[in-house]
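Here is a short report on some helices. Look over the model first, then read on.

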Amino acid sequence: MLRLPRAVAQFATALAAVSIAVTSATPALAETARIDAADTAWMITATALVLMMTIPGLALFYAGMVRKKNVLATMAQSLIAVALISILWVIYGYSLVFVGDGAWLGTLERFLLAGMTMDGVSSAAKTIPEALFVIYQMTFAVITVALVAGSVADRLRFSSYVLFCIGWFTVVYIPLAHWVWGGGFLAQAGVLDFAGGLVVHLSAGTAGLVAAVVMGRRRGYGTENLAPYDLSLAVIGTGLLWVGWFGFNGGSALQANSRAVMAILATHLAACAGALTWTAIEWLTRRKPSVLGMISGAVAGLGTITPASGFVEPWHGIVIGVVAGAVCFWACTSLKHRFNYDDTLDVFGIHGIGGLLGTLMTGVFATAAIGGSAGLIEGNPRLLLIQAYGVAAVFVWTGAMTFVLLKVVDMLAGLRVPHEHEVEGLDITQHGEALQ
């Protein structure tokens with residue numbers, strides 16, 4: 001038998017030990033390497049941008065369009081939505097949406113984020129820490145619930161709004177988010193919603209319409225001056241929303257990549273086109289372009305491009321913005337007056353109609369080279385039918401569940417403030433504070 005010198009044998013043994021150690025360590029190294037520093041940095045930024053959309057963005061946007069006596073009450077609704085929904089999201093919302101592959105709902109495996117590790121990742125976002133994915137998606141849930149309040153501003157009890165937030169988040173938002181983004185039956189059917197045309201805008205707009213009809217019109221609607229208190233606040237809020245939308249749509253790529261940049265570019269162009277279109281229509285029909293119209297058109301463009309932003313080319317964003325400005329203007333004027341419902345801040349006319357339009361136009365303009373899915377223009381009319389199916393499912397579920405929930409809350413706490421409180425203002429009657 002060939003005998004190796006003792007030094008050579010010791011070297012061979014040491015080399016084998018190192019080899020075994022490296023081999024056994026490879027899975028752990030690979031696990032850590034999945035988290036990409038650039039993606040993580042971008043998604044931290046996007047998370048901050050989306051949270052900014054609710055506070056202070058939406059809070060200022062809504063507060064600037066109500067009367068002075070209801071400014072603080074309107075802001076309070078956005079603030080409480082952030083605090084309340086954030087906690088509920090961590091307790092059970094995230095788990096039910098993104099953990100498990102059920103057709104209708106996820107599981108409670110991540111109840112209170114149990115089992116989540118510092119370096120762990122979600123299967124839905126494999127290059128960022130799972131904790132970052134949790135809080136990013138949390139900001140979407142927050143703003144969706146907060147949006148609904150705009151339809152019934154000036155007349156909703158604060159205590160009832162808190163109950164409504166809990167119930168609506170649980171029975172409407174969670175199922176919809178799972179159906180579309182969590183691998184539920186709409187995702188399995190091929191429905192596309194890049195950043196929330198269905199989950200955020202159509203759901204909030206539909207809920208707002210139902211709430212406005214159930215609660216009835218404001219005192220003095222159509223007979224008294226209900227003009228906004230301070231549109232400068234609304235303009236500032238619009239600016240914050242506009243910039244925040246870059247994180248909303250661009251962040252939905254979940255990576256710092258070219259698709260995120262394309263989504264941001266399409267988003268900005270749609271907002272510009274929406275603002276210009278609404279302004280042009282007002283200028284032609286009313287002889288004066290209003291500031292309220294400019295910001296309304298911009299938000300209409302932003303909401304409408306949302307589901308399509310990661311699937312279309314930049315010039316498609318301009319087309320979508322033009323359509324959004326024109327159709328949402330019609331919805332907030334002719335349609336609203338035709339059916340005489342009091343959607344205080346036009347949540348349905350802008351977000352509901354915008355989400356519907358954007359989802360359908362995704363089926364028209366989706367480009368395979370950008371999002372991997374071809375739409376009608378590229379020879380796939382079936383996608384438009386699938387998108388229409390998604391719209392119908394979200395509209396029916398949201399409308400029915402919102403109606404039931406409103407009736408339950410009304411029985412428990414009463415939805416509407418007393419007549420004298422509405423006249424005096426919600427700031428002082430609901431919160432004991434008022435602007436001087």
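This is a predicted model: local features need pLDDT of at least 70, side-chain atom pairs count only at pLDDT 80 or more; totals for chains, interfaces and linings use all residues.

The bend at a residue is the angle between two axes, one fitted to the seven residues ending there and one to the seven starting there. A kink of about 35° sits in α11, centred on A331.

How does the span of α11 compare with what its residues should give? Helix α11 covers residues 314-339, which is 26 residues. At 1.5 Å a residue they should span 38 Å, and the end C-alpha atoms are 36 Å apart, so the two agree. Just after α11 comes N340, with a positive phi of about 55°.

Helix α14 can be read in the same way. Its C-alpha atoms reach 46 Å from first to last, close to the expected 46 Å. Just after α14, G414 takes a positive phi of about 80°.

| Helix | Residues | Number of residues | End-to-end C-alpha distance | Expected span |
|---|---|---|---|---|
| α14 | 382-413 | 32 residues | 46 Å | 46 Å |

Now to a helix pair. Two packed helices are described by the angle between their axes and the distance between the axes. Helix α4 (residues 130-148) packs against helix α8 (residues 231-250) at about 135°, and their axes are 12 Å apart. That angle makes α4 oblique to α8. Their crossing is left-handed.

Which residues meet where α4 and α8 touch? From α4 come Y136, F140 and I143. From α8 come L241, G247 and F248. By class, this contact has five nonpolar residues, one polar and no charged ones.

Notes: Residues are numbered from 1 along each chain as its sequence is written. Side-chain values use heavy atoms; hydrogens and water are left out. Axes are lines fitted to C-alpha atoms, for helices over the stretch in contact, and angles run from 0 to 180 degrees between N-to-C directions. Helices (H or I, at least four residues) and strands (E, at least two) are DSSP runs, numbered from the N terminus. Angles under 35 degrees count as roughly parallel, over 145 as roughly antiparallel, 65 to 115 as roughly perpendicular and the rest as oblique. A crossing is left-handed if the near helix is turned anticlockwise from the far one by less than a right angle, and right-handed if clockwise. Contact means heavy atoms within 4.5 Å. Ala, Val, Leu, Ile, Met, Phe, Trp, Tyr, Cys and Pro count as nonpolar, Asp, Glu, Lys and Arg as charged, and the others, Gly among them, as polar. The expected span of a helix is 1.5 Å times one less than its number of residues.
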